[in-house]
Amino acid sequence: MKKSILKILKNNKDKFISGEKLSEEFDMTRSGIWKYIKMLKEEGYDIESVPNKGYRIVSSPDILTLEEIEENLNTSFIGRKIYYYDSINSTNDRAKEMAFEENEGTLVIAEEQTKGKGRLGRSWISPKGKGIWMSMILKPELGPINAGSITLLAAAAVHSALKNLDINSEIKWPNDLLIEGKKAVGILTEMSAELNRINYIVIGIGINVNLNEEDIPEDLKARATSIKITQNKKVDRKKLLSNILNEFEKLYIPFVREESTAHFLSICRENSATIGRKVKIIKNKEEKGAKALDINEKGELVVQYEDGKIENVFSGEVSVRGNKGYI
Ligand code: BTN
């Protein structure tokens with residue numbers, strides 16, 4: 001009911017809608033309508049109420065609900081159902097709990113994570129209302145091996161969405177996006193699979209959107225940043241989120257239907273922070289110097305070691321570090 005009232009107000013942005021009209025429409029008393037308007041106001045909607053005129057929406061809060069992003073969403077299934085939390089431990093953990101029952105494309109989004117997870121057991125700082133902390137449930141009909149490059153698909157989608165908003169980023173193979181050389185986006189892909197079929201994939205995306213310098217812990221300052229810090233202005237999280245979901249679906253459909261990786265891999269290659277650089281390949285705690293040559297059609301990184309040997313490395317088995325620090 002609350003959502004339907006909000007929809008009518010949003011569809012009539014500059015007009016007053018009378019309490020009478022709303023109560024007729026929803027077959028409810030005018031005080032019943034007022035109860036819902038009050039709830040919306042408590043959520044941060046600025047709704048003007050004028051006697052004899054009715055209600056008019058003045059502004060919407062900066063929250064990442066479906067109602068707030070759907071006007072810019074062009075997808076058929078990605079992000080069409082959103083579980084929205086003000087605060088949660090980890091969106092990836094919540095998405096994994098519900099993944100068996102939910103349809104593909106369902107999202108878990110939180111304004112804050114109290115136990116955000118990064119790769120390799122690290123934690124992920126997720127302050128309230130300042131980022132996009134989300135997890136997407138996917139159920140591709142692919143063999144588990146063929147799904148390995150899905151993190152790169154997500155990275156390409158985020159890169160393209162940022163580009164649509166005039167923000168330049170580079171993709172650090174396989175799961176980070178850098179802006180001005182520092183990490184602003186991290187992706188954590190988790191999968192439940194049997195030998196030859198995937199039960200589900202949860203792609204967790206963390207984007208430092210409007211974090212200030214003081215939100216970034218001292219020990220990460222040299223390597224981490226936010227979009228706001230680099231662009232010198234606050235960025236519209238709703239616009240960025242709907243853009244990411246649109247770009248994701250555009251790449252995901254050909255990937256699952258035709259196993260086509262060409263488009264997203266070319267985005268990753270053309271905007272790579274890794275290709276052509278000297279890297280350290282950390283495998284089984286052993287560190288080896290190499291040069292990153294390319295990303296192959298499976299999404300693996302092609303590297304050449306100092307002894308001349310060329311190898312394709314798979315994202316799950318290595319950690320890539322730049323020769324002189326992060327990139
Ligand atoms: C990394 O760079 O190590 C990956 C970071 C992934 C962070 C995101 S935030 C949303 C989702 N929920 C989590 O707990 N982690 C991912």
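Analyst: Helices are DSSP runs of H or I with at least four residues, strands are runs of E with at least two, and both are numbered from the N terminus. By that convention Thr 106 falls in the loop between helix H5 (91-98) and strand S4 (107-110). The model is predicted: local features require pLDDT of at least 70 and side-chain atom pairs count only at pLDDT 80 or more, whereas totals for chains, interfaces and linings use all residues. Residues are numbered from 1 along each chain as its sequence is written, and side-chain values use heavy atoms, with hydrogens and water left out.

User: Why is Thr 106 called buried?

Analyst: Buried means a relative accessible area under 20%, exposed means over 50%, and partly exposed is the range in between (1.4 Å probe, protein chains only). Thr 106 has 3%, so the residue is classed as buried. A polar atom of the Thr 106 side chain lies 2.9 Å from the backbone oxygen of Asn 103.

User: Which residues is Thr 106 in contact with, leaving aside neighbours within four places in sequence?

Analyst: Contact means heavy atoms within 4.5 Å. On that criterion the partners of Thr 106 are Lys 81, Tyr 83, Ser 135, Met 136 and Ile 137.

User: What makes Val 108 count as buried, and where is Val 108 found?

Analyst: Val 108 has 0% relative accessibility, so it counts as buried. This residue belongs to strand S4. With neighbours within four places in sequence set aside, its contacts include Tyr 85, Ile 88, Met 98 and Trp 133. Thr 91 is another of these contacts; it is 17 residues away along the chain, with 5.7 Å between the two C-alpha atoms.

User: What makes the bond joining Trp 173 and Pro 174 a cis peptide bond?

Analyst: Omega for the bond between Trp 173 and Pro 174 is about 0 degrees, and the bond is cis. Pro 174 occupies the loop between strand S6 (170-172) and strand S7 (176-179).

User: How do you know that Glu 70 and Lys 7 form a salt bridge?

Analyst: A salt bridge is a side-chain nitrogen of Lys or Arg within 4 Å of a carboxyl oxygen of Asp or Glu. For Glu 70 and Lys 7 the closest N and O atoms are 3.8 Å apart, and the pair qualifies. Glu 70 is in the loop between helix H4 (66-69) and strand S3 (82-85) and Lys 7 is in helix H1 (residues 2-11), so this bridge ties together parts 63 residues apart in sequence. Glu 70, at 27% relative accessibility, counts as partly exposed, and Lys 7, at 46%, is also partly exposed.

User: Why is Glu 68 called buried, and what does its side chain meet in a salt bridge?

Analyst: Glu 68 has a relative accessible area of 3% and is therefore buried. Its side chain meets that of Lys 238 in a salt bridge, at 2.7 Å from N to O. This pair links distant parts of the chain, helix H4 for Glu 68 and helix H8 (residues 237-258) for Lys 238, 170 residues apart. Lys 238 has 15%, so it too is buried.

User: How many salt bridges does the rule find across the interface of domain 1 and domain 2?

Analyst: The protein is divided into domain 1 (2-59), domain 2 (66-270) and domain 3 (278-322), with bounds from an automatic or database domain assignment. The rule finds 4 salt bridges across the interface of domain 1 and domain 2, while the structure holds 27. The C-alpha centres of domain 1 and domain 2 lie 34 Å apart, and their contact takes 6 residues from domain 1 and 4 residues from domain 2.

Notes
A polar contact is a pair of N or O atoms within 3.5 Å; within protein, one must be able to donate a hydrogen and the other to accept it, and residues adjacent in sequence count only if both atoms are side-chain atoms.
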